[in-house]
Amino acid sequence: MRTATATLRADRQAAAEAQGHEYLVFTIGAEEYGIDIMTVQEIRGCDPMTRIAGAPKFVRGVINLRGDIVPVVDMRMKLGLESARYDAFTVVIVLNIENRVVGMVVDRVSDVLTLRDHDIRPAPDLVASVDTRHVLGLGTLDGRMLILLDIAAWMASDDMALRDDAPALADVDTSHE
Amino acid sequence: MTGDASSSPASGGELARFAGDFLDEAAEHLATMEHLLVGIDPAAPDSDAINAIFRAVHSIKGASGMFGFADIAAIAHELETLLDSVRRGDIALDAGLVDAMLHGTDAVRARIGQRAHGGASPEDPAEVCERLRRATGGRASGPPRGAAPAAVRVLEVEYRAQAIDADALRELLAQLGELGTVELVPGAADASMRTLRLSTDTHQDVVRTLFEFVMDAGDVHIRETAAVAPAPNPPLARSVPSAAQESIRVGVAKVDRLINQVGELVISQAMLAQRIAELDPVEHLPLLQQLADLQRNTRGLQDSVMSIRMLPMATVFARFPRLVRDLSAKLGKEARVEIEGETTELDKGLIEKIVDPLVHLVRNAVDHGIEPVAERVAQGKPRAGLIRIAARHQGGNILIEVSDDGRGLCRDTIVAKARERGIAVSDGAKDREVWSLIFEPGFSTADVITDVSGRGVGLDVVKGNVASLGGSILLDSVRGAGTSVGIRLPLTLAIMDGLAVAVADERYIVPLAGIIESRQVRPSELRTIVGHGLVMEVRDEFVPVVRLSTLFGVPSSAGRDATKCDMVVLVETEGTRLALAVEDLLGQSQVVVKSLDANYRRVPGIAGATIMSDGSVACILDLAAIARRTRLEGGPRSLQ
Amino acid sequence: MKRVLVVDDSPSVRKMVAFVLRQGGYDVVEAGDANDAITAAGFGDVRLVITDHHLPGDDGIALIRALRSKPHCAHVPIVMLTTEAGAELKCAARAAGATAWIAKPFDPQRLLSVVDKVLS
């Protein structure tokens with residue numbers, strides 16, 4: 001009985017590896033990036049944003065997402081480019097990471113691709129604008145090169161300053177009486 | 001009859017699901033017990049109260065046994081025995097006994113709490129039981145036997161073995177064992193019969209009834225060897241009527257979800273209203289009327305739903321009589337509590353958060369406010385200090401007041417202490433401002449630091465707690481007469497009345513509860529004071545002007561004339577007044593408060609956000625934080 | 001289904017007893033005090049009453065006497081389910097007309113077997 005279950009599990013794992021992981025692919029500037037599809041809640045156009053006082057430059061503001069207040073990160077600015085254009089064609093990828101919802105503005109969303117382990121290789125110094133901690137690797141498929149981001153870790157990190165336990169970038173009111 | 005944890009019927013099995021209900025019920029019984037015990041007069045105890053306490057303990061004992069909570073059952077048993085003796089008049093009640101019972105109640109509560117929420121292990125139950133037994137001097141020792149040691153008789157009982165099953169027999173033997181000594185007599189004449197010899201002072205009829213309860217009369221024969229007068233029956237318990245409660249338990253998560261959904265409904269309806277407002281009223285009259293109906297219904301629904309989370313302040317106030325009693329005894333003072341408005345309701349979430357601050361204030365009142373008896377008498381005051389705790393509604397707020405008739409605050413001492421700490425205080429400062437100094441961190445006017453309220457700890461924490469709930473705190477005092485602390489809180493955190501204001505091209509919401517007035521400002525009312533920036537003259541004081549556009553670094557306001565100021569919203573928070581400079585007033589409305597920090601950080605100066613009728617987000621001001629910052633900086637500087 | 005009336009002022013105890021009885025295939029109605037119990041028994045289809053002794057208002061034994069005095073339930077078996085186990089109380093209950101006695105804490109199986117036996 002136990003052997004049969006173990007075999008079944010091993011089979012499933014092998015199948016998963018053979019099948020690979022799904023990534024949402026989007027474009028910013030001249031590069032293509034990929035993130036784990038499981039972090040993506042939805043993709044939508046950009047609603048009017050409300051600026052939040054004291055937010056870092058790349059957090060453009062918050063939007064009303066069916067009653068929840070969701071911050072929006074301008075990924076272009078984060079990657080050192082000029083800010084995105086905010087019009088009817090702006091695309092926002094809404095991420096849900098451990099029940100915290102955050103939106104990120106990208107240039108264009110291409111598609112969802114499946115990458116297997118052997119399609120991915122490490123990418124230590126290739127990406128200048130992103131801290132290597134947040135890069136999972138470089139994916140290659142059909143001649144395209146995708147920079148795979150650990151978007152969940154990145155959004156939770158101090159770098160994004162989206163969380164209270166992260167020290168803010170701007171001068172924060174520390175007068176806690 | 002209590003089983004140990006492993007063998008109790010409900011401890012692991014299918015009945016364990018009811019344990020939660022029992023814990024809730026037990027908590028209610030404990031609250032009743034404590035309330036009655038604290039209110040009891042040992043010299044002339046109210047027998048109804050005694051019986052009510054007895055019944056509460058009895059309930060706990062019975063139910064706890066079901067779940068294998070042997071520790072709780074044991075303590076409850078001791079309490080029950082004690083109460084039973086008091087009830088029958090076997091022992092007289094005194095303050096020491098009441099204290100012992102209160103400790104017993106605490107012990108049970110601690111164990112219930114541990115089972116419900118986990119946490120530190122409470123006191124060893126054996127010690128608690130021992131203490132209870134000692135409290136009566138060992139006098140209470142269970143149901144009394146006959147008055148004088150009656151002559152012991154020996155009964156021979158013959159019963160048909162098959163007439164009783166093993167469990168029932170076990171119970172019966174245990175029962176007989178309580179009445180005297182039982183032995184099994186071997187070698188009965190008839191193999192189907194068993195013989196017991198029972199040495200007891202109980203009458204034969206009682207024994208016979210016990211047997212006949214579990215088997216046919218024909219299956220048992222009893223023979224006596226000595227005749228004695230039967231022991232008299234003790235009076236049966238007199239029960240006290242208790243108020244029936246019609247209620248349903250609902251999980252908090254469900255209620256919150258319901259409140260959220262109603263909030264969404266309110267927003268949708270507001271958006272609908274806005275669109276419909278653009279239509280020609282004459283052409284669309286029926287539509288407008290139906291919208292008015294919808295708004296009325298939605299408002300009604302909202303009120304009903306919000307009221308679900310409202311609980312009476314009694315849930316908070318109930319603990320104070322006991323607290324004051326224990327604390328004043330510990331400090332060697334006398335103090336009593338008067339409570340007013342305990343039926344005033346407040347949102348459950350706020351109630352939970354206001355408990356600690358209120359406890360702190362009450363402890364302060366007893367510790368620092370109320371004088372020792374001798375001092376009070378010398379001043380012609382009543383022996384016992386009075387602590388008054390009151391709550392009432394005012395507009396969309398609740399006002400809670402803790403006041404005492406003690407020694408009051410000494411202005412000079414406070415001013416001196418403040419200056420010592422480097423806080424500048426002008427001699428002409430108003431009393432209200434001087435009192436608010438004691439809310440600064442590290443401030444304590446206690447000459448003697450007792451372990452009760454801690455070393456200068458607390459009033460600043462209390463103020464912080466209150467502020468974080470969107471409320472404000474005010475203190476007033478008269479030397480020699482007493483001190484009064486008032487806390488104002490919004491009734492609920494979920495929905496709030498606000499005034500929308502335009503700040504450059506952004507919109508913010510000012511909580512209506514803090515607004516004194518809002519109007520245009522005449523240039524003659526404005527003044528620039530060195531070290532304080534722009535101030536506005538309001539009646540007889542200078543109120544700092546805070547430019548919200550500067551405070552929040554609104555980009556579109558850069559380059560504008562900082563001294564120009566058209567509209568102000570005059571607010572008051574925590575005894576401080578501010579004039580918020582804005583571009584325009586956009587209208588008053590009820591807003592649904594949304595959390596900003598569910599997905600983002602906490603933002604200084606911002607209490608939350610809301611969704612406007614056009615679907616966009618607006619931030620709600622945290623007046624207390626803005627006031628604090630302004631006070632600290634000596635002028636309106638940017639929070640960023 | 002045979003209907004049983006459970007009388008106890010503790011809602012959690014009532015729930016537990018009801019749960020056990022329903023599992024045993026019985027229909028259950030509950031009452032929190034003697035008055036409600038008499039009202040419930042008045043509907044006429046109660047086949048068995050299980051009651052605690054300590055109730056608000058009239059106690060269990062008073063309830064037994066009251067039930068026995070009403071023609072429609074004078075012959076309904078009544079079982080005392082209570083922590084009290086004193087001999088005098090048992091005798092008083094028996095004198096009032098109680099049919100059987102189960103001590104709290106009760107074993108669910110034991111409860112069912114007593115109920116089954118009494119109703120058979």
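## Strand 17 of chain B

Five of the seven residues in strand 17 of chain B, which spans residues 541-547, are buried, and the strand is thus described as mostly covered. The model is a predicted one.

Strand 17 of chain B runs antiparallel to strand 16 of chain B (residues 533-538), and four bridges join the two. Within this pair, Val543(B) of strand 17 has Met536(B) standing opposite. The two strands form a hairpin with two residues between them, where Arg539(B) adopts a positive phi near 50 degrees.

Strand 17 of chain B also pairs with strand 19 of chain B (residues 576-582), here in the parallel sense and over three bridges. One position in this pairing is given by Val545(B), whose bridge partner in strand 19 of chain B is Ala579(B).

## The contact between chains A and B

How many residues does the contact take from chain A and from chain B? Chain A provides 27 residues and chain B provides 33 residues.

On the side of chain A that touches chain B, the elements giving two or more residues are strand 4 (59-65), strand 5 (68-74) and strand 7 (100-106) of chain A. The most is given by strand 5 of chain A, with four residues.

By residue class, the side of chain A that touches chain B consists of 14 nonpolar, five polar and eight charged residues.

Methods:
Residues numbered from 1 in each chain as written. Chains lettered and ligands numbered in written order. Predicted model: local features only at pLDDT ≥ 70, side-chain atom pairs only at ≥ 80, totals over all residues. Contact = placed C-beta atoms within 7 Å. Nonpolar A, V, L, I, M, F, W, Y, C, P; charged D, E, K, R; others polar. Buried ≥ 20, exposed ≤ 12 C-beta atoms within 10 Å, placed from the backbone. Pairing = 2+ DSSP bridges.
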